[in-house]
Amino acid sequence: MNYDYAKIAKEVIQAVGGSENIKSAAHCATRLRLIVADRSLADDEKVGEIDAVKGTFFTAGQYQIIFGTGHVNRVYEQITRLGIAETTASEAKEAKMDGKNQLQKAIRTFGDVFVPVIPALVATGLFLGLKGALLNDNFLNLFGMSNADIPQTFQVLVDVLSGTTFAFLPAIVCWSTFRVFGGSPVLGLILGLMLVNGSLPNAYSVADPASGVTPLMLLGFIPIVGYQGSILPAFVAGVIGSKLEKKLRKTVPAVFDFMITPFLVLFIMLILSLLVIGPLLHALENVLLVIVEYALELPMGIGGLIVGFFWSIITLTGVHHIFNMLEISLLSNTGFNPFNAILCMCGFSSAGVCLAISIKARKKEIRAIGPSATVSALLGIGEPALFGVILRYGIKPFLLSCSINGVAGMIAMLLGMKGTGNGITTIPGMLLYIYKPSMLVMYVALALATFITAFCLCWFFAVPPEVMETGSPTKKDVPEPACQPVPAPFPDVLGAVAQGTFVPMEEIPDPTFSEGVLGTCCGINPETGKVYSPMDGIISQVADTLHAIGIEAGGVELLIHVGIDTVGMNGDGFQSHVTEGAAVKKGDLLLTMDLEKIKTAGHPSTIMVIVTNSDDLSSVEASASGRLMPGDELMHLKA
């Protein structure tokens, strides 16, 4: 039957309370999923009268309308064309992280914000490494040269290449935070640029006592500065700003929204950032500085242990650049900087952990960014490794790195390691230790020991299980569909799709299936993570989230649906072994799933086999019971 999907979409919007009652829309293999502001405004009876609708129900904050395969995607397309927002990144992330605790969710969110920033940080790490190698006086002295011999034009070019990313880091972070939390990224970009506007006292200059630059003081006690190189102020401003924007979009009349909302977001957030968020973090910076100065003076290398362990945690706040003041003070008073040795070892530790995860991982995104993030860490820029790899999938690698940092920092202090400058670490940092052969030897030996120890301990004990999932089929796993598949005959008997226990239709824990809304069906509670074809046929559908597969043969239309509400996992833990249009035989492997991940996410793992056109057949009867093996008799069909 042909349907007018544009008309259906309009009727759906009206029946659930209008577009203002719909926050966002998504869909799975069978259902349109609407996140609504007020459930009571949705008229179930009116929705049920719409063409192609087979049922409705409300669960987990979603109003779900059952259309079935082949219809739901077309209705969804029309819904979004009518101005209904697609599910935002933050909403999708919340569903994806079901079963995770609040700390894991917060860390994952922070990681999501930083993933798009990683390429810029990696490039900056390379530029800084080159700058440290080419323009360091200790290195130039080997050739009888100094910085004064380097042409100014070349120095300016190097400064632009190595300084731009950090100078405008708040703008990049604010843009990405708005994107992740559902705001307008361009507003986040402008807000971030405001935080580093040239009219504000430069943060790097303020941190350097010799510059003579001081913060502007409002009311005599509120310091106002720029936030070059800072992370946390921009991140917090981005979170609050995106939420404010979404609130205003729903409050401001549509005719004024285009003008009023951006104005209010930028005005309110700039004032809030400069007068509240920034000064509070400035106070935090001062507290951290006092703590570090005291820690470095502790005996038995305990200061190095404390600073090393907490350095990566301090980096998370984005206020680590304030320690330039401490390093400059140490250099001006003693000519040496013991703080640098600790930071260098932290870089080698992060690089070792990052490389171990990158090499052992099977997840494509980690294998792609991991090696470059490792190189960046070895050149002194640790954010790509920290946010893009180490913290992305759990806390264990991070805590391991912190522990190794602490031990390495303590050893550095016991050995009396001191650099002759600041601003460069890890491999380029060796240039600060060439003033004395024994110091350089100690630096190289401790660096290698730290890197190798971090790599080995992470490899054996701390690689997150999530990075071992490929997330999608590799090319060699997906059989090429036949050019002209031969039509399969009518299947009289369907085989069991998995090893497990038979579940009658009425006992399936989902009303869509237990009430036969999509067609006569039955289920299997699986014991293993492999799902097989119940008949010869052609693959008619593979869901984007890999949790559902359609098969057609001899006029029979089947849907194999793996788990309840597993669409919320967005394919995590699923791997398809077939593509749409491929011919399959009874017993062929269709997909594999991670039962433990499904359980952890809080979803029943029941596999449903649904004859979606059962009304067109004279008989569809389940014929199984008890424990089943793949291919055992499951259902009998009659044309």
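Predicted model: local features only at pLDDT ≥ 70, side-chain atom pairs only at ≥ 80, totals over all residues.
Start with the surface. Five residues, Phe-168, Val-186, Leu-189, Ile-190 and Leu-193, make up a nonpolar patch there, and the patch covers about 390 Å². Leu-193 sits in helix H10, which runs over residues 185-194. Its relative accessibility is 34%, so Leu-193 counts as partly exposed, a label that applies between 20% and 50%. Phe-168, on the other hand, is found in the loop between helix H8 (152-167) and helix H9 (169-180). With a relative accessible area of 38%, Phe-168 is partly exposed too. Along the chain, Phe-168 and Leu-193 are 25 residues apart, yet in space their C-alpha atoms are 6.8 Å apart. The two also touch: once neighbours within four places in sequence are set aside, Phe-168 is in contact with Leu-193 and Val-196.

Next come the aromatic rings. The structure holds eight aromatic pairs. In one of them, Phe-263 and Phe-267, the ring centres are 6.0 Å apart and the planes are at 0°; the pair is therefore stacked, as planes under 30 degrees apart count that way. Both residues belong to helix H13 (residues 254-296), where Phe-263 and Phe-267 are four residues apart, or about one turn of the helix. Phe-263 has a relative accessible area of 54%, and because the cut-off for exposed is over 50%, this residue is called exposed. Elsewhere, Phe-348, Tyr-433 and Tyr-443 come together as one aromatic cluster.

Leu-216 and Leu-200 are 16 residues apart in sequence, while the distance between them in space is 8.0 Å, C-alpha to C-alpha. What does Leu-216 touch, not counting residues up to four places away in sequence? The contacts are with Pro-201, Ile-222, Pro-223 and Ile-224.

Methods
Residues numbered from 1 in each chain as written. Heavy atoms only, no water. Patch = residues over 30% accessible without salt bridge, like charges linked within 9 Å, V, L, I, M, F, W, Y side chains within 5 Å. Areas by Shrake-Rupley, 256 points an atom, 1.4 Å probe, with all protein chains shown as cover. Salt bridge = Lys/Arg side-chain N within 4 Å of Asp/Glu carboxyl O. Helix = DSSP H or I, 4+ residues; strand = E, 2+ residues; numbered from the N terminus. Buried < 20%, exposed > 50% of the residue type's maximum accessible area, 1.4 Å probe, protein only. Phe/Tyr/Trp six-rings, centres within 6.5 Å; stacked < 30°, edge-to-face > 60°. Contact = heavy atoms within 4.5 Å.
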